[in-house]
Amino acid sequence: MRVIEAIRRELEPLNAEIRAALRQSREALVKFVANQLYIVPHDLKALSAAMAKAREPDEYRFVKTLVDGDYNALQLLWELAEEVGVSFSWDALDPSAVAYTHFLSWLAVNGTMGDLVVAMTVNLPVWGENCLALASWAKEQGYKRLGFLEMFAGPYDQLEAAAEPIAQRYLDWGRYRFVAKAIQRYELEFWRSVSG
């Protein structure tokens, strides 16, 4: 069985909790944006640092795809923040909500390239589902600059196909299970935090 598919199956109960944690409201959207204004720039820096671990051409391509995606996401996030009327504030941050990006920084420093590809390909589809659900609600409320939320809708088939050989190259089931479970628990804390 493929590595990422196997890890994802093991995580399905946790992923179901993540999907169920979102509660759409104006307050949730404001908290979402306020915390993302901290998370996305730090994710971008962590992924840029992770490039130093790349050794093979497919590893460079994989990390560059993530860096390019986060760079584009940051531009779209600023647009959404402007529409929602949110600017960056330390006072608006919830440590539970931003723990995800701290773990990504830990991965960039301490993880293997295999750890990174497993974490990202397990995490992004579930994150994307909740973002799309929030975007659908926001659209019904009249918000228009929703590119940040909609860009994560996927599909993620190509990213997962690129990740699988890298995951096989660094195969360590114990590490992968820990990394995948940890990043999804941080994801769950994010949605619980912004949903109130």
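**Aromatic pairs and a cis peptide bond**

The structure holds 15 aromatic pairs, where a pair requires the ring centres of Phe, Tyr or Trp (its six-membered ring) to lie within 6.5 Å, and planes under 30 degrees apart count as stacked, over 60 as edge-to-face and the rest as tilted. The model is predicted, so local features need pLDDT of at least 70 and side-chain atom pairs count only at pLDDT 80 or more, while totals for chains, interfaces and linings use all residues. Residues are numbered from 1 along each chain as its sequence is written, and side-chain values use heavy atoms, with hydrogens and water left out.

One of the pairs is formed by Phe-32 and Phe-190, which are edge-to-face at 5.7 Å centre to centre, with 70 degrees between the planes. Phe-32 belongs to helix α3 (residues 26–50) and Phe-190 to helix α9 (residues 173–195), so that this pair links parts of the chain 158 residues apart; helices are DSSP runs of H or I, at least four residues, numbered from the N terminus. Phe-32 has 0% relative accessibility and is buried, as is Phe-190 at 2% (buried means under 20% relative accessible area, exposed over 50%, partly exposed in between; 1.4 Å probe, protein chains only).

Phe-103 and Phe-178 are also edge-to-face, at 6.3 Å centre to centre and 75 degrees between the planes. Because Phe-103 lies in helix α5 (residues 95–110) and Phe-178 in helix α9, this pair ties together parts 75 residues apart in sequence. Phe-103 is buried at 6% relative accessibility, whereas Phe-178 is partly exposed at 48%.

One aromatic cluster comprises Phe-32, Trp-127, Phe-148, Phe-152, Phe-190 and Trp-191.

The peptide bond from Gly-154 to Pro-155 is cis, with omega near 5 degrees. Pro-155 is located in the loop between α7 (147–150) and α8 (157–169).

How values were computed:
Helix = DSSP H or I, 4+ residues; strand = E, 2+ residues; numbered from the N terminus.
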